[in-house]
Amino acid sequence: MAQSSSPPFVRIGTRGSPLALWQAHETQKRLAAAHGVPLEAIAITVIKTSGDIIQDRPLAEVGGKGLFTKEIEQALFDGAVDLAVHSSKDMETNLPDGLALVACLPREDVRDAFICKKAKTLAALPAGSVVGTASLRRGAMVKRLRPDIEVVSIRGNVDTRLRKVETGEVDATLLAYAGLKRLGLADKATSLFDVAIFLPAVGQGAVGIECREADTRTRDILAAIDDGVTRTALTAERAFLRALDGSCRTPIAGHATVAGDRLSLRGLIVKTDGSIAHETARDGACAEAEALGADAGRELKERGGPDFFAHL
Ligand SMILES: NCc1[nH]cc(CCC(=O)O)c1CC(=O)O
């Protein structure tokens, strides 16, 4: 039945994958609670991105992670939505001029999960086993830890990847534990990698919210749900990535933690074949998050040299 409704309080743009929808609904819930408005007052618009459409080729080949955000960012520019909710891991290193990452939801567990029916851990997997992953970082780290294991590229959403293990198409895969938890699939994780040996991707487990930089109304609305600790960690991690010029094509890992007003960051670059890795760390004041991250990134860029990622 047609119903005259007042304009929405604010409008969210999101991809349509199950994980993206979870993130959009979580943002909607938090905004509704923080501002005392009904859920229905916060519109959710699902936007199909090129990344959702091109499913058959590895992401690094078809143009990287901008593919998952471009159409949503266009909707922001067009004024069709006010804010975009992303897995911050999938956000481009350099956002388009006029857009900004202004808020974060509290971070989920950052660890990578090992999913396998044949062994409890990567270390216990028989030589010659096949690990499927879409992530260059995970592939390179698997090679580094287990050069005797074959890494193949698989794409698709979380369900698709789990099915490939289930059907035996691959012996194991690695997924963000955060995504599994959010989808109610935590029990699919066979084991979890300690961050000390398997450093997560920049932004892993953190939901990032983007809006038009000059849109002070939306920025004020988002400030009410922003998790400052997560945003500080993300600031350091993303500055690290930016200094390295990281895209989906480069196996880079980075993870920051915050305790009080102090921040610790670890960063790593690794060759796709796992043969060489360089790692660094920074500790400092949260207020220096950006500078600490950038400094760590510059160090690794220098240590890696100009050809570190060149063979890709
Ligand atoms: N690239 C896909 C993607 N983007 C965010 C997550 C997981 C959730 C998160 O890290 O916040 C995933 C799936 C995965 O890496 O397993």
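This is a predicted model: local features need pLDDT of at least 70, side-chain atom pairs count only at pLDDT 80 or more; totals for chains, interfaces and linings use all residues.
Strand 1 (residues 10–14) and strand 2 run parallel and pair over five bridges; strands here are DSSP E runs of at least two residues, helices are H or I runs of at least four, both numbered from the N terminus, and two strands pair if DSSP finds at least two bridges between them.

Residues are numbered from 1 along each chain as its sequence is written.

Five strands form an open sheet in the order 2-1-3-10-4, with mixed pairing. Its edge strands are strand 2 (42–46) and strand 4 (99–104), and each pairs on one side only.

Next, the core. A nonpolar core is a set of buried Ala, Val, Leu, Ile, Met, Phe, Trp, Tyr and Cys residues joined through C-beta atoms within 7 Å. Buried means 20 or more other C-beta atoms within 10 Å of the residue's own, exposed means 12 or fewer, and partly exposed is in between, with C-beta atoms placed from the backbone. Which members of the largest core touch the most others? They are L83, I209, A236 and F240, out of 75 residues. Helix 9 (residues 228–244) gives the largest share of this core, seven residues.

Take L83. Leaving aside neighbours within four places in sequence, L83 is in contact (C-beta atoms, placed from the backbone, within 7 Å) with V10, I12, I209, E210, C211, T218 and L222.

Strand 11 (residues 252–259) and strand 12 (residues 262–270) pair antiparallel over eight bridges, and A253 stands opposite L268.

Key. Two residues are in contact if their C-beta atoms, placed from the backbone, lie within 7 Å.
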